[in-house]
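Got the viewer open and a hand on the selection tool? Here is a short walk, one stop at a time.

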Amino acid sequence: MLGCADIARRRALPALAACASTVTVAVASRSAAKAAAFGAEFGCAAVHGYRALLADDAVEAVYIAVPTGLHAEWAAEALAAGKHVLVEKPMAATAADAAALAERAERAGLVLMENRMFTRHPQHRVVRDAVARGEIGLPRVLSAGMTIPPRPADDIRYRADLGGGALLDVGYYPLHTALLLLGHDVRLDGAVVERDERLGVDLGGALLLSTARGAVAHLTFGIDHHYRAAYELCGTAGAVTAARAYTPPPSAATEVVLERPGGSRRVGIAPFDQFAAVMAEFASAVRGGTRSADHLAGELAVSVRALELLDEARDRAQHRSNAAITPL
Ligand SMILES: NC(=O)c1ccc[n+]([C@@H]2O[C@H](COP(=O)([O-])OP(=O)(O)OC[C@H]3O[C@@H](n4cnc5c(N)ncnc54)[C@H](OP(=O)(O)O)[C@@H]3O)[C@@H](O)[C@H]2O)c1
């Protein structure tokens, strides 16, 4: 693992420890003391410096949990060192960087995966199956949002030089929901971004997308907000809602609600560790297992498409920013 990150301690390392097909060999940090603390906690070697870990022949694959703005650089170094790579979301800060990484991995014959874990959760399969059966009629309006409360002042999300900002950090989730439920041909029609000029990052906003088949998506995101991670897809004959859509803890049951004119139906989904699912999928891909090369390439193409839309949103929204938030 590169980077003793919060997400690594809380979710990734426990999931790796529980995964039958992975052994955590070593953790690397810019700080020797931090690496030592993580190594002791998770029973693996502690390495000072990311390059020292990449030089270790015992390491076959790396999980990279550094700030988003550094993903492309460290994933490229890891691939150059011959390691398979599981990189945190989003896999790069721009579509061009993501596409270059995907090409590099393909040339090297190495597995590259983005940790897009929420899409592995079975609740979205329940939603997609219901839509495919026509239970909501034709999909017309997707409303999806991921907003989180303010973080500590020194958080990486407030650092423009590290790829901070709400759009990349949490806008990612509703945008991938649109790609998952409405298809990859969604186009961006508008973007509003609240930008903090002092920090040089966006703290939240909204995107409007549409499809050629007449569906629209209203997506919201923010890092200065009440916690919310939900979506609703409204169709011509009903609606389907996932209220705990993106980060359900592994111990939490979830629920999808289907509404029709005659009443609503609740579908309960057992607790599911979406982090562990990605870890197992990654390990299987490294071993040439169940996931085919086509599937992995398809997943990377979705990552690149999402980043193209995020690039476009950032460019288009720049001139509409600076909204001062004041009481009504
Ligand atoms: N998949 C998910 O559900 C999920 C959830 C949360 C976050 N994430 C992603 O995971 C990544 C890390 O997020 P986080 O919240 O865990 O961040 P974090 O706690 O701040 O960790 C980032 C780590 O990056 C390393 N790092 C390397 N260069 C750095 C620099 N110049 N400044 C600061 N840190 C640097 C640090 O490790 P050392 O000091 O040990 O070198 C630090 O611990 C982000 O890309 C984020 O989008 C994914």
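This is a predicted model: local features need pLDDT of at least 70, side-chain atom pairs count only at pLDDT 80 or more; totals for chains, interfaces and linings use all residues.

Start by selecting the ligand and showing the pocket surface: the space the ligand takes up is the largest pocket. Now colour domain 1 (6-114) and domain 2 (122-271) separately. Both contribute residues to the shell around the ligand, so the ligand lies between them.

Next, bring up the shell itself. There are 24 residues around the ligand, and those that come nearest are Asp6, Ser29, Lys34, Tyr50 and Met117.

Time to zoom in on side chains. Which distance separates a polar side-chain atom of Lys34 from an oxygen atom of the ligand? Click the pair and you get 2.6 Å. Move on to Tyr173, where an N or O atom of the side chain is 3.3 Å from a ligand oxygen. Then select Asp169: one of its polar side-chain atoms sits 3.5 Å from an oxygen atom of the ligand. Zoom back out with the protein surface on; of the 900 Å² of accessible area that the ligand has on its own, the protein covers 87%.

The peptide bond joining Lys89 and Pro90 is cis, with omega at about -20 degrees. Most peptide bonds are trans. To place Pro90 in the fold, look at the loop between strand E4 (84-87) and helix H5 (95-108).

Key: Residues are numbered from 1 along each chain as its sequence is written. Side-chain values use heavy atoms; hydrogens and water are left out. A residue is near a molecule or strand if one of its heavy atoms lies within 4 Å of it. A polar contact is a pair of N or O atoms within 3.5 Å; within protein, one must be able to donate a hydrogen and the other to accept it, and residues adjacent in sequence count only if both atoms are side-chain atoms. Accessible areas come from the Shrake-Rupley method with a 1.4 Å probe; for residues, only the protein chains shown count as cover. On a 1 Å grid over the protein atoms alone, a cavity is a set of points where a 1.4 Å probe fits but cannot get out, and a pocket is an open set with protein on both sides within 12 Å along at least five of seven lines; lining residues have an atom within 4 Å of a point. A molecule sits in a cavity or pocket if more than half of its atoms lie within 2 Å of its grid points. Domain bounds come from an automatic or database domain assignment. Helices (H or I, at least four residues) and strands (E, at least two) are DSSP runs, numbered from the N terminus.
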